[in-house]
Amino acid sequence: MTTELETRCLNTFPEWLRTLAADAHDVAQLLASTTAPLSARRYVAAGLNYLFKSLDLIPDGIEDLGYLDDAFVLRVAASLAIDENPAVRAEAPALQRLATDKALIVELLGKDYNRLERYVRDLTRGAARGRTVDEILEDDGTRTAFLNEVAGWAQSYQAPSFSRDEKNIVKLQSFLSAKLPA
């Protein structure tokens, strides 16, 4: 029997997968901004860099679930960017939309949500494809190349299917519970 929370997730997650490329493109605009606060851009860079991480929480090739972790990370990063500097809402409305979506992730993950948030915070100190968040933020050439890579990724992204099967919610929770650092 499907719970009300599972039903909301099963109805929402396919849309998150369909809009992942557009969401990445939209938040990348903040990263390109020279007026946006560095603290907000740091979380945006970390969330976008996660798209290119070879060892992410859920491997991208896993049917139905492979890109949901990317959608989750982008939403948590958007929320952290706004928490860090609420004024950024005016410059990047997409951040507010994604940050609002975070509530469903919190509800779904329960006590594991804090581990996911800590994981996303730690991404600001990590690297993907040999490129750190600091390098993206501090070096114009690296940032330009990164933004071009995000645009290329968004253009080539094919949203995976997501079957509305409550077993997918259980698998998603299990993956994240097992893979998120304690």
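So, the crossing of α1 and α2 is left-handed, and please keep in mind that we are looking at a predicted model. Helix α1 covers residues 4-32 and helix α2 covers residues 38-50. Their axes sit 9 Å apart, and the helices pack at an angle of about 140°. Who makes the contact? On the α1 side you have A24, V27, A28, L30 and L31, and α2 brings A40, R41, V44, A45 and L48. If you sort the residues of that contact by class, you get 9 nonpolar, no polar and 1 charged.

Now let's stay on α1 and look at another partner, helix α9, which is residues 166-179. The axes of α1 and α9 come within 9 Å and cross at roughly 90°, which means that α1 is roughly perpendicular to α9. From α1, the residues involved are E6, C9, L10 and F13; they meet E166, I169 and L172 in α9. The class count for α1 with α9 is 5 nonpolar, no polar and 2 charged residues.

Across the whole structure, a search finds 8 aromatic pairs, and F13 with W16 is one of them. How are the two rings arranged? The pair is tilted, with 45° between the planes and 5.1 Å centre to centre. F13 and W16 are 3 residues apart in helix α1, so about one helical turn separates them.

Next, helices α3 and α5. Helix α3 spans residues 68-84 and helix α5 spans residues 93-109. Here the axes are 7 Å apart and the packing angle is about 115°. This crossing, too, is left-handed. The contact list is as follows: α3 supplies F72, L74, R75, A78, S79, A81 and I82, while α5 supplies L95, Q96, L98, A99, D101, K102, I105 and L108. What does that contact look like by class? There are 10 nonpolar, 2 polar and 3 charged residues between α3 and α5.

Last, a word on annotation. UniProt, in an unreviewed entry, lists residues 44-74 as "domain: DUF1232".

Conventions. Residues are numbered from 1 along each chain as its sequence is written. This is a predicted model: local features need pLDDT of at least 70, side-chain atom pairs count only at pLDDT 80 or more; totals for chains, interfaces and linings use all residues. Side-chain values use heavy atoms; hydrogens and water are left out. Axes are lines fitted to C-alpha atoms, for helices over the stretch in contact, and angles run from 0 to 180 degrees between N-to-C directions. Helices (H or I, at least four residues) and strands (E, at least two) are DSSP runs, numbered from the N terminus. A crossing is left-handed if the near helix is turned anticlockwise from the far one by less than a right angle, and right-handed if clockwise. Contact means heavy atoms within 4.5 Å. Ala, Val, Leu, Ile, Met, Phe, Trp, Tyr, Cys and Pro count as nonpolar, Asp, Glu, Lys and Arg as charged, and the others, Gly among them, as polar. UniProt positions are given in the numbering used here, feature names are shortened, and annotations may be inferred rather than shown by experiment. Angles under 35 degrees count as roughly parallel, over 145 as roughly antiparallel, 65 to 115 as roughly perpendicular and the rest as oblique. Rings of Phe, Tyr and Trp (its six-membered ring) pair if their centres lie within 6.5 Å; planes under 30 degrees apart count as stacked, over 60 as edge-to-face and the rest as tilted.
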